[in-house]
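Subject: Handover of a structure and its findings

Dear colleague,

Please find below the sequence and the structure that I am handing over to you. My notes follow directly after them.

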Amino acid sequence: MKTILDIKNLTVNVGQDKILNNVSLSIPSGKIIGIVGGSGSGKTTLGLSVLNLLPTAMRVAAGSIIFEGKDLLALPSPALRCIRGFKIGMIFQEPLSAFDPLFTIGAQLDETLAAHTTLHVNQRHEKISAVLKSVEIEDPDRIADSYPHELSGGLRQRAMIAQAIIGGPRLIIADEATSSLDVTIQAKIIRLLQRLNQEQGISILFIAHDLGLVSFLAHEVAVMTQGNIVEYGQAQEILNDPKHDYTKALLKAY
Amino acid sequence: MSSQWSMIVSSFSRRKGAVICLWILGALYLLALIAPCISVHRYDDEDRNLSYCPPTTVEFFHNGHLSAPFVYGRHFTFDEFHRRIYVMDKEKRYPVRFFSQGQLIHVQEPGRLYLLGADSRGRDLFSRIVYGGRVSLSIGLLGVFISFSLGLLVGGIAGYFGGWIDAVLMRICEMFMLVPGFYLLLALRSAVPENFNSVQVYVMIVVILALIGWASLARIIRGMALSLKNRDYVAAAKLLGVPDVVIIIRHILPHTVSYSLVAMMLTIPGYILSESGLSLLGLGIQDPVPSWGNLLTEAMAIVPISFAPWILIPGLVIFVTIVCFNVVGDALRDALDPMLVTDRNT
């Protein structure tokens, strides 16, 4: 199995405190990997460090993140800009705050395309329609002309996914992508992510606090607590036969 | 978005005073724009025989009979204090035509029409006020445009990038802010040659005003940018590979627009006053080119005011303009503040 992203011995500090402690994780290409953990377990930090978007107070003390043979942590920012959004997409937890309220959805999708491609205006417009359709939005033109606050939560999250996949990424990082949605919409978004994974072969790093949800979606699951990955394995294995105390506690709570 | 815009418009138009002020400002700018058409005489067209001639009007009756519009000629005699007394010369009549030769009111030479009286050299005050508006009103707009461009850019860059860039830019701002404005104005003015022509002086005043004004705005915009850059959509744009400059221009600065717009409206009167102050002291626009400030230089002594009070009218025009800008700016602030709108409705 080919590996698309290889995190090796990653340690992230805030001052003296370790947020991530020697974390290693590799994502096989075409798979969905879930990361589960409570608040403050370091799962979001892990996702952000892949994109080199850590808050200024945090510092990578050691380790490397290899994506397509290049260490993302050592890459100069122009090269990194080509990878972000283009090869690695990100889905945020709260789509309302992840879209600029002053611009239409279409304008913001267009911005990404304009930054990464040399497509003509009309071609970009067509591509935006196509991408919105592929995330199961019925009338892409109306949605593209809408402002973020005019859409429902589910539609917004679909638009968010459209923004993540518009550059044609090989990997999507979804940080609590469905936590702010109600259960029925959540199920639809999960199915959409599965479909993208199967049809386009996009690998997904799915970060969530809900072990049940993660093990339903992900092929393999990593359980994190206090900056460490304490358990890693097939989703079913972890559900049926948890090894670590924290995983057991998590299952009990669920 | 469109509904929000209409909310702002309706909230603004509920303030009758502000709407009236906006119309007054619009009229003043229009007058300045079409000054060559609206003025009766050229701004430097002088007749020293008619020094401080009181206001005159267009006549329609001659010896009790209706006649085509005309103005009487004037000559003067002296009273016991050797002051000029102007009397109508009923023998001399000069026809007045409306909408003729590219002017709203055209008086045949050498007849003169002083709607607001004449100044010491017998130049028409009304025409000079209208021409002066071109300088005084446009200097405010141009100065604010330049200083706000600078302030928004520097503030946006400092707030967005932070770190040493922020520190350096903010120290530069403070250097400009720590000198009291009017003294900085005088110092900068004295740093440039005095034999400038009026166009050069105009450009110089605009540049000086802009240099003084940008720093305080930059600091406020920096503060806004500091909080705006932590929004998720900025992170999202960064993540999607949008260049930093584009992020500042598209995702940071547009969110400061309601503040900037109000600040702009409240800054323009300050610039108009500064220009007037400089010109009043003879450091700004030079005679014979009029500005509202240098028109007032004649009103600096009490004697001319006592027998020609109309030379104070430019001061009244400045006053009205500044009050209007402040009222409009105030109403705009209320209209752009969504919290205040709901307060008023409940």
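Glu136(A) sits in the loop that runs between α5 (121-134) and α6 (140-144) of chain A. The phi angle of Glu136(A) is near 65 degrees, which is a positive value in a residue other than glycine. Please keep in mind throughout that this is a predicted model.

The bond from Glu109(B) to Pro110(B) is cis, with omega near -10 degrees. Pro110(B) belongs to the loop between β4 (103-107) and α4 of chain B. Asp287(B) and Pro288(B) are likewise joined by a cis peptide bond, and here omega is about 10 degrees. Pro288(B) is found in the loop between α10 and α11 (292-295) of chain B.

I turn next to the packing of helices, beginning with chain A. How do α7(A) and α8(A) lie relative to each other, roughly parallel or roughly perpendicular? The axes of α7 (residues 153-165) and α8 (residues 183-200) of chain A come within 10 Å and cross at roughly 20 degrees. Angles under 35 degrees count as roughly parallel, and α7(A) and α8(A) are therefore roughly parallel to each other. Their crossing is right-handed. On the side of α7(A), the contact is made by Gly154(A), Gln157(A), Arg158(A), Ile161(A) and Ile165(A). The residues from α8(A) are Ile185(A), Lys188(A), Ile189(A), Leu192(A), Leu193(A) and Leu196(A). By class, this contact has seven nonpolar, two polar and two charged residues.

In chain B, the axes of α4(B) and α9(B) (residues 244-252) come within 10 Å and cross at roughly 110 degrees. This angle makes α4(B) roughly perpendicular to α9(B). The crossing of these two helices is right-handed. From α4(B), the residues Gly156(B), Ile157(B), Tyr160(B) and Phe161(B) take part, and they meet Asp244(B), Ile247(B), Ile248(B) and Ile252(B) of α9(B). The contact consists of six nonpolar, one polar and one charged residues.

A further pair in chain B is α10(B) and α13(B), whose axes are 8 Å apart and which pack at an angle of about 170 degrees. That angle makes α10(B) roughly antiparallel to α13(B). Residues of α10(B) in this contact include Ser258(B), Leu261(B), Val262(B) and Met265(B), while those of α13(B) include Phe325(B), Asn326(B), Arg333(B) and Leu336(B). The contact divides into 14 nonpolar, five polar and two charged residues.

The remaining notes concern pockets and a cavity. The largest pocket has a volume of about 930 Å³. Its lining is made of 29 residues, and those nearest its centre are Leu53(A), Leu54(A), Pro55(A), Thr56(A) and Lys238(B). The elements that give two or more residues to this lining are α1 (43-50), β4 (58-67), α2 (77-83) and β6 (88-91) of chain A, together with α4 (125-161) and α8 (232-239) of chain B. By class, the lining residues are 14 nonpolar, six polar and nine charged.

The second largest pocket holds about 750 Å³ of space. It is lined by 24 residues, of which Gln4(B), Ile8(B), Val257(B), Ser258(B) and Leu336(B) are the closest to its centre. Which helix supplies the largest share of this lining? That helix is α1(B), with six residues. At least two lining residues come from each of α1 (2-13), α7 (198-228), α10 (257-280) and α13 (313-336) of chain B. The lining comprises 17 nonpolar residues, six polar residues and one charged residue.

How many cavities of 30 Å³ or more does a search of the whole structure find? The search finds one. About 60 Å³ of space lies in this largest cavity. Among its 13 lining residues, the closest to the centre are Gln108(A), Glu111(A), Gln163(A), Ala237(B) and Leu240(B). Two or more residues of the lining come from α4 (105-116) of chain A and likewise from α8 of chain B. The lining is made up of seven nonpolar, four polar and two charged residues.

Yours sincerely

Conventions. Residues are numbered from 1 along each chain as its sequence is written. Chains are lettered from A and ligands numbered from 1 in the order in which they are written. This is a predicted model: local features need pLDDT of at least 70, side-chain atom pairs count only at pLDDT 80 or more; totals for chains, interfaces and linings use all residues. Side-chain values use heavy atoms; hydrogens and water are left out. On a 1 Å grid over the protein atoms alone, a cavity is a set of points where a 1.4 Å probe fits but cannot get out, and a pocket is an open set with protein on both sides within 12 Å along at least five of seven lines; lining residues have an atom within 4 Å of a point. Grid points are joined across faces, edges and corners, and a volume is the space filled by probe spheres set on the points. Helices (H or I, at least four residues) and strands (E, at least two) are DSSP runs, numbered from the N terminus. Ala, Val, Leu, Ile, Met, Phe, Trp, Tyr, Cys and Pro count as nonpolar, Asp, Glu, Lys and Arg as charged, and the others, Gly among them, as polar. Axes are lines fitted to C-alpha atoms, for helices over the stretch in contact, and angles run from 0 to 180 degrees between N-to-C directions. Angles under 35 degrees count as roughly parallel, over 145 as roughly antiparallel, 65 to 115 as roughly perpendicular and the rest as oblique. A crossing is left-handed if the near helix is turned anticlockwise from the far one by less than a right angle, and right-handed if clockwise. Contact means heavy atoms within 4.5 Å.
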